[in-house]
Amino acid sequence: MCPFFANQHPDSYAFETRSIRLNGQSTSIRLEKMFWRILEQIAREQDMSVPRFISTLHGEVLNLWGEVANFTSHLRCICIVALENGPNAALDRRRVA
């Protein structure tokens, strides 16, 4: 089991910083490259660019919960949820309800 995880190439968990606009403010988000790849996939499936997806998500989170203390952690958790349930799982649940 450990060789599977230990053999992960260091590039996959190297940090990458991207500049993005959230609510008209320019900011930087620093995530591991693997999370950026997952966000790219989610955004593609939502017919959005990554910056637009993140900006839209940020706005929705603000409307639901107010300011998020650690938005980058929120993005990482979204990636995990997408891997566990698929990025359209929430949409599928809304259709059923």
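1. Which side chain meets that of Arg-18 in a salt bridge of 2.7 Å, N to O? The partner is Glu-40, where a salt bridge is a side-chain nitrogen of Lys or Arg within 4 Å of a carboxyl oxygen of Asp or Glu. Arg-18 lies in strand E1 (residues 15–22) and Glu-40 in helix H2 (residues 33–45), so the pair ties together parts that are 22 residues apart in sequence; helices (H or I, at least four residues) and strands (E, at least two) are DSSP runs, numbered from the N terminus.

2. On provenance, this is a predicted model, in which local features need pLDDT of at least 70 and side-chain atom pairs count only at pLDDT 80 or more, while totals for chains, interfaces and linings use all residues. Residues are numbered from 1 along each chain as its sequence is written, and side-chain values use heavy atoms, with hydrogens and water left out.

3. The side chain of Arg-18 also meets that of Glu-16 in a salt bridge, at 2.8 Å from N to O. Through shared partners, salt bridges join Glu-16, Arg-18 and Glu-40 into one network. Relative accessible area is 25% for Glu-16, 23% for Arg-18 and 27% for Glu-40, and each of these residues is partly exposed, a class that lies between buried (under 20% relative accessible area) and exposed (over 50%), with a 1.4 Å probe and protein chains only.

4. The structure holds three salt bridges in total, and one of them joins Arg-76 to Glu-32, with the closest N and O atoms 3.0 Å apart. This pair links distant parts of the chain, since Arg-76 belongs to helix H4 (residues 71–85) and Glu-32 to strand E2 (residues 25–32), 44 residues apart. Glu-32 counts as buried, at 16% relative accessibility.

5. Helix H3 (residues 50–65) has 16 residues and spans 22 Å from its first C-alpha to its last, close to the 22 Å expected at 1.5 Å a residue, the expected span being 1.5 Å times one less than the number of residues. Its buried residues are Val-50, Phe-53, Ile-54, Leu-57, His-58, Gly-59 and Val-61, and these pack against E1, E2, H2 and H4, with contact meaning heavy atoms within 4.5 Å.

6. H3 is followed by Gly-66, whose phi is positive, near 85°.
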